[in-house]
Amino acid sequence: MTSQSQGIHQLLQAEKRAKDKLEEAKKRKEKRLKQAKEEAMAEIDQYRMQRDKEFRLKQSKIMGSQSNLSEEVEEQTQGKIKELNGSYNKYMESVLKQLLNTVCDVKPEIHVNYRATN
């Protein structure tokens, strides 16, 4: 009988040790999962910062080139305006004289299609 109670006692102790080992394994697993999650979050943050830096660099290049383009267009526009003003000032007198001569110098003539009705 004692051997049976001793065997039961050993089984209970073995069961308790197994239960303790399972709990220890669960704790290690939870700890490792937390650690893995923290590592993943740190990696994600690092990746996000890297991509954000690349984005800002590309954005500054594009925006910089756009501002250069707008400055270039502005310069071309100002040049064209100066050119047109110069052309206007150069030809204004001659065009005005031609226009006035055409309007004021009326030469009365009979139209070619006019038929005298007698």
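**Notebook: salt bridges in a predicted model**

I began with Asp20, which is partly exposed at a relative accessible area of 40%. The model is predicted, and I kept that in mind for each entry.

Entry, Asp20 and its partner. I looked for what the side chain of Asp20 meets, and found a salt bridge with Lys16, at 3.9 Å from N to O. Both residues belong to helix α1, which covers residues 2-104. Four residues, about one turn of the helix, lie between the positions of Asp20 and Lys16. I then checked Lys16 for accessibility: it is exposed, with a relative accessible area of 55%. Lys16 counts as exposed because its 55% is over the 50% cut-off.

Entry, Lys80. I looked up the salt bridge between Lys80 and Glu83 and noted 3.9 Å between the closest N and O atoms. Lys80 and Glu83 are three residues apart in helix α1, so about one helical turn separates them. Lys80 is partly exposed, at 44% relative accessibility.

Entry, Glu39. Which side chain does Glu39 meet in a salt bridge? I found that of Arg32, with an N to O distance of 4.0 Å. I looked up accessibility for both partners. Glu39 is partly exposed at 42% relative accessibility, and Arg32 is partly exposed at 44%.

Entry, total. I also looked up how many salt bridges the structure holds, and the count is six. Among them are Asp20 with Lys16, Lys80 with Glu83, and Glu39 with Arg32.

Methods. Residues are numbered from 1 along each chain as its sequence is written. This is a predicted model: local features need pLDDT of at least 70, side-chain atom pairs count only at pLDDT 80 or more; totals for chains, interfaces and linings use all residues. Side-chain values use heavy atoms; hydrogens and water are left out. Helices (H or I, at least four residues) and strands (E, at least two) are DSSP runs, numbered from the N terminus. Buried means under 20% relative accessible area, exposed over 50%, partly exposed in between (1.4 Å probe, protein chains only).
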